[in-house]
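Student: I would like to learn how to read the features of a structure like this one, beginning with the contacts along a chain. Could we go through it together?

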Amino acid sequence: MGAQYTEERIGLLLRLLPPAPVAWVRAAQELPAARRTFDDIVSRAEADIAFRDALAADLERTLERAGYEPSERTLSELRKLYADS
Amino acid sequence: MSRLSTLSDAELVNRCRAGDGEAWNELVERYSRYVYAIAIRGFRLSDEDAEDVFQDVFTRIYTRLDSLRDTAALRPWIAQLTRRRCLDAMSKSGRVQTVSDLGEEQGSTDMTEVEEAYAVREALAGLTETCQEILDRFFAQDQSYRTIANELDIPAGTIASRIARCLGKLRDELEGRKPASGGSRE
């Protein structure tokens, strides 16, 4: 295997794996917290009709008032569930 | 380097399943370049599509980790998830008629190189931290000698010789390894 690895070849292969954008990596690392927030909001909306209606009427404001700070991706998922319905 | 960077994939998966947030961070760190490379090198997706694929793949990994039967087979599983999502993205953007028209072989030539590149990165982990930094910054991050010298507090005049020396060590490291087979870091 070693014979095929010239220094030029190694350099080329190292170039093939550049770091992913930092913001993407951070967003992926924050997934567990984002999922917890999402699950919490959905559970609450299922148990509380008034909360669900408020989410449908004004998603961002309702979440802000309830003390949630969801990520943009979580917001987008919630919009599909409530605001777009 | 993370405290958990020496863990095998199987150990990492088990910790993630137990809800260890630090292990999840390490899993994302370990595979972020791989998923990114499959999307942009293997399938040549646009940045926008690549970002969607990237986030979706890690969401699926997180939500489906319990379904992974062989915890040591994390990498092939991630590769498969990523390839499927890339095909979906290409299909949606009209680059292929349907996913079945294309099959899973799309990008296979480039994918072989991505796999080989991953094996080189694994070998890189066997070098000193300074060598890892220098080679990664020069080749993967495309940094100049001057930037590397400033960031690592090393005389700029020594960067070229250090790169050559570290490449030699990396080649030695690769010569002592078996060919990449899609397995774990163990």
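Tutor: Let us begin with contacts, two residues being in contact if their C-beta atoms, placed from the backbone, lie within 7 Å. In chain B, 64% of the contacts with a separation of 6 or more are between residues 24 or more positions apart. Please keep in mind that this is a predicted model, in which local features need pLDDT of at least 70 and side-chain atom pairs count only at pLDDT 80 or more, whereas totals for chains, interfaces and linings use all residues. Residues are numbered from 1 along each chain as its sequence is written, and chains are lettered from A and ligands numbered from 1 in the order in which they are written.

Student: How many helices and strands does chain B have?

Tutor: Helices (H or I, at least four residues) and strands (E, at least two) are DSSP runs, numbered from the N terminus. Chain B has 9 helices and 0 strands, and its pattern along the sequence is α-α-α-α-α-α-α-α-α.

Student: What percentage of the residues in chain B is buried?

Tutor: A residue is buried if 20 or more other C-beta atoms lie within 10 Å of its own, exposed if 12 or fewer, and partly exposed in between, with C-beta atoms placed from the backbone. Of the 186 residues in chain B, 36% are buried.

Student: Which residues have the most contacts inside the largest nonpolar core?

Tutor: A nonpolar core is a set of buried Ala, Val, Leu, Ile, Met, Phe, Trp, Tyr and Cys residues joined through C-beta atoms within 7 Å. The largest one has 69 residues, and those with the most contacts inside it are B:Val35, B:Ala37, B:Ile38, B:Ala39, B:Phe54, B:Cys86 and B:Leu135. The element that gives the most to this core is α2(B), with 12 residues. Leaving aside neighbours within four places in sequence, B:Ile38 is in contact with B:Phe43, B:Ala79, B:Thr82, B:Arg83, B:Cys86, B:Met111 and B:Val114.

Student: Which elements give two or more residues to the side of chain B that touches chain A?

Tutor: As a general point, the size of an interface is often given as the accessible area lost when the parts come together. Here we can count residues instead: 34 residues of chain B are in contact with 23 residues of chain A. On the side of chain B that touches chain A, the elements giving two or more residues are α2 (21-42), α3 (47-64), α6 (108-124), α7 (129-140) and α9 (159-175) of chain B, and α2(B) gives the most, with 10 residues. For classes, Ala, Val, Leu, Ile, Met, Phe, Trp, Tyr, Cys and Pro count as nonpolar, Asp, Glu, Lys and Arg as charged, and the others, Gly among them, as polar. By that scheme, this side of chain B has 18 nonpolar, 6 polar and 10 charged residues.

Student: At what angle do α1 of chain A and α9(B) pack?

Tutor: Axes are lines fitted to C-alpha atoms, for helices over the stretch in contact, and angles run from 0 to 180 degrees between N-to-C directions. Helix α1 (residues 7-15) of chain A packs against α9(B) at an angle of about 90°, with the axes 10 Å apart. Angles under 35 degrees count as roughly parallel, over 145 as roughly antiparallel, 65 to 115 as roughly perpendicular and the rest as oblique, so α1(A) is roughly perpendicular to α9(B). The contact brings together A:Glu7, A:Ile10 and A:Gly11 of α1(A) with B:Leu167, B:Leu170 and B:Arg171 of α9(B).

Student: Where is B:Arg44, and what is its phi near?

Tutor: Most residues other than glycine have a negative phi, and most peptide bonds are trans. B:Arg44, in the loop between α2 and α3 of chain B, has a phi near 50°, a positive value in a residue other than glycine. B:Arg44 counts as partly exposed because 14 C-beta neighbours lie inside 10 Å. In the loop between α8 and α9 of chain B lies B:Asp153, whose phi, near 55°, is likewise positive. B:Asp153 has 6 C-beta neighbours inside 10 Å and therefore counts as exposed.
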